[in-house]
Each structure stands twice: as structure tokens, then as C-alpha cells.
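Here are some notes to read with the model open beside you.

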Amino acid sequence: MASFTTRIKDEVTKIETEKCESLAEVCSYIYFNGNITNKNIILYIENNSVARRMFNLIKRLYGINIKLTTRTQKRFNVKTIYILELSDKIDEIRKDIEDSLNHILEYSEPEKASFLKGAFLSSGSINDPSKSKYHLEILVTFQNDAELILKLLMTLGFSSKMLKRDKGYMVYLKQAEEISDFIKLLGAINALFYYEDIRIYRDHKNMVNRLNNCEIANEVKSLKTCNEQIANINYLKEHDLLSLLDEKNNLVIEYRLKYPETTLSELAEIISMETDIKITKSGINHHFRKIKDLVEKSKNTK
């Protein structure tokens, strides 16, 4: 089964674009993925759809013959490498690339998106949201290229970051919403629907887990509070100090011992129902503070 990145690239390569957008995409792709000399430009491409798109766009933009050869690589998995060799209009192509690099920050939003599309098709990847953490990255060789992509993403509202790697620099996004926006920017609508479905499911699951964790934490906290209250009551019993408390204090004590694991809210409701004495959670809490104060005062005088 194709990876999520491959599915995105396959979908993106089928999108029709205007000439200026196609030019920005091609210039970006050749710059980041091409072996450029004064005599020729060679592109080594692993993805069949990307190879077909670059072949067609370059031919349409420059009207030149492109030598296409293939090579089978068997190092790990068997895969085909598509090699595109350009020998005509090299000076024109190099000038277009230079102009694009120098002025891309001034271009229209669709052209900026196309430039990023070329960079992504060249060396970008997005983790499958159903299998791992949210992560998008574009790998480049030089720091100034990474900084250019950072600035370009910033002009489009993204808050990307850069990290030095062993063989170059990685520009990356980790916020799920921003990765979703980037997929939308590429125009990969089917991939976007898949990504959003997974994201909604994961967010819902995380929310349920957080609520369950909160509920467990509250139960543990409530049980700890109940045990402390009972320990204080037992201390007063052992030291014959209950007579120092008023009638309402002793009523609360009676019901705490009768219902040792109830929360303060539940205890207040039970007392109100069984005795017709209206009491609130804060009222119950007030009585237990008084009991605690008495215990601490007794301990301090010894």
C-alpha cells in the first residue's frame, strides 16, 4: 500500500495549473532536486507520477526534447528511478530559477503555493496521521534554502521551524491544524479529507481519555480527602474531644462515618434528604475545616 506522502504527491501531480504557477513549481523542483551544470540538467525521480508531471510541465513551458531513461535499484526494495536529462535552453531555465529564488517572496499566493509544491514534491513528506505523530518536513541541503522556505511559509501564515540534520536542514511543521492547511494549500483534497477524518477521531479519543483521567484523578483526590476527614474524626474520638463541637458538626461526623466514600456534594445531598436540614457542599467543607482546626490545635498543645 502506498504511503500517505505518496498518495498526496500522486494527487497533487494531477492538478492543472496556470503557466506562472507551473513555472514556479518547476523552478522549485529543479532547484531542490536537480543536478544543474552549464551543459545540462539531470533529475533523478523515484515517484512515477512526479516524473510524468515534471516531464510534461518542462516540455510545455520550454518546448524542448527531454531524454528519459529508467534505472532499476535493488539495494533494499526493488524500485524504478526515472532520469530526466535536459540539454536545451539551459541558460533560460537557470535564469528562471534564479529569478524565482530572488523574487518568490514578492509573488502571488498561488505562485508561492506552487513553489512550495515543487519543494514538497522534491523532498517533502507527511506522516500518516493514523500511524504516528503529526509531522510534515521538507529536507534541503543548504541553510539559506531552508531559511527561504521558512520565510515563504511565514508569509502564508505558517509557523514552521528549522532543524540541522546530518545531511542538510529540515523545515518542519508539527501542529495538526497547520499540516492540514498545508495539504489544502497543495490542493490534495482527498488526502485532506482523510487527514481531517483521522484528526477528528484522534482529537475525540484524546478528549475522552483526558476526561477519564480527570475523573480518575478526582476520585483519587476525593478518596484521599475522605480518609483524612475520617482520620481527624477518629483522633477526636480517641481524645474525647467530640464534645467540643456543636450539634451540626457532630451531625456531619455521623454521616461521614455512615457514608465514608461519598464526595462532599453527595454527602450534603444525603444529609439534606434524610434530616430535612438544608446544607451545601461549602457548608460541609466548613464543618470539616473546623474539625481539622480542632485536631491541629490539640496536637500543637501537647
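1. Of the 302 residues in the protein chain, 43% count as buried, where buried means under 20% relative accessible area, exposed means over 50%, and partly exposed is in between (1.4 Å probe, protein chains only). This is a predicted model, in which local features need pLDDT of at least 70 and side-chain atom pairs count only at pLDDT 80 or more, while totals for chains, interfaces and linings use all residues. Residues are numbered from 1 along each chain as its sequence is written, and side-chain values use heavy atoms, with hydrogens and water left out.

2. On to the overall build. The protein chain has 11 helices and 8 strands; these are DSSP runs numbered from the N terminus, with helices being H or I of at least four residues and strands being E of at least two. The chain is more spread out than a compact globule, because its radius of gyration is 34 Å, well over the 19 Å that the globule rule gives for 302 residues. That radius is taken over C-alpha atoms, and the rule is 2.2 Å times the number of residues to the power 0.38. Along its principal axes, the C-alpha trace spans about 105 × 40 × 35 Å.

3. Surface and contacts next. The protein chain exposes about 17,900 Å², and carbon and sulfur atoms supply 50% of that; the areas come from the Shrake-Rupley method with a 1.4 Å probe, and for residues only the protein chains shown count as cover. Among contacts with a separation of 6 or more, 63% join residues 24 or more positions apart, contact meaning heavy atoms within 4.5 Å.

4. How many cavities of 30 Å³ or more does a search of the whole structure find? The search turns up 1, and about 30 Å³ of space lies in the largest cavity. A cavity here is a set of points, on a 1 Å grid over the protein atoms alone, where a 1.4 Å probe fits but cannot get out, and lining residues have an atom within 4 Å of a point. Grid points are joined across faces, edges and corners, and the volume is the space filled by probe spheres set on the points.

5. What lines that largest cavity? Look for Lys-248, Leu-251, Val-252, Ile-277, Ile-279 and His-287. Helix H9 (residues 247-258) gives the most to the lining, with 3 residues. By class there are 4 nonpolar, 1 polar and 1 charged residues; Ala, Val, Leu, Ile, Met, Phe, Trp, Tyr, Cys and Pro count as nonpolar, Asp, Glu, Lys and Arg as charged, and the others, Gly among them, as polar.

6. Two backbone angles are worth a look. Most residues other than glycine have a negative phi. Lys-89, however, has a positive phi near 55°; this residue lies in the loop between strand E4 (79-86) and helix H4 (90-103), and at 40% relative accessibility Lys-89 counts as partly exposed. Asp-276 also has a positive phi, near 65°. Asp-276 is in the loop between helix H10 (264-275) and helix H11 (281-300), and counts as exposed at 67% relative accessibility.

7. Strand E4 also holds Ile-83, which is buried because its relative accessible area is 10%. Not counting residues up to four places away in sequence, Ile-83 touches Ile-42, Leu-43, Tyr-44, Lys-67, Leu-68, Thr-69 and Arg-71.

8. Is Glu-137 buried or exposed? Glu-137 is buried, with a relative accessible area of 14%, and sits in strand E6 (residues 136-140). Tyr-31, in helix H2 (residues 19-33), is partly exposed, with a relative accessible area of 26%. Leaving aside neighbours within four places in sequence, Tyr-31 is in contact with Ile-36, Ile-97, Leu-101 and Asp-145.

9. Last, Thr-263 lies in the loop between H9 and H10 and is partly exposed, with a relative accessible area of 28%. Apart from neighbours within four places in sequence, Thr-263 is in contact with Ser-222 and Arg-256. The C-alpha atoms of Thr-263 and Leu-223, 40 residues apart along the chain, are separated by 8.0 Å.

Definitions and conventions:
On a 1 Å grid over the protein atoms alone, a cavity is a set of points where a 1.4 Å probe fits but cannot get out, and a pocket is an open set with protein on both sides within 12 Å along at least five of seven lines; lining residues have an atom within 4 Å of a point.
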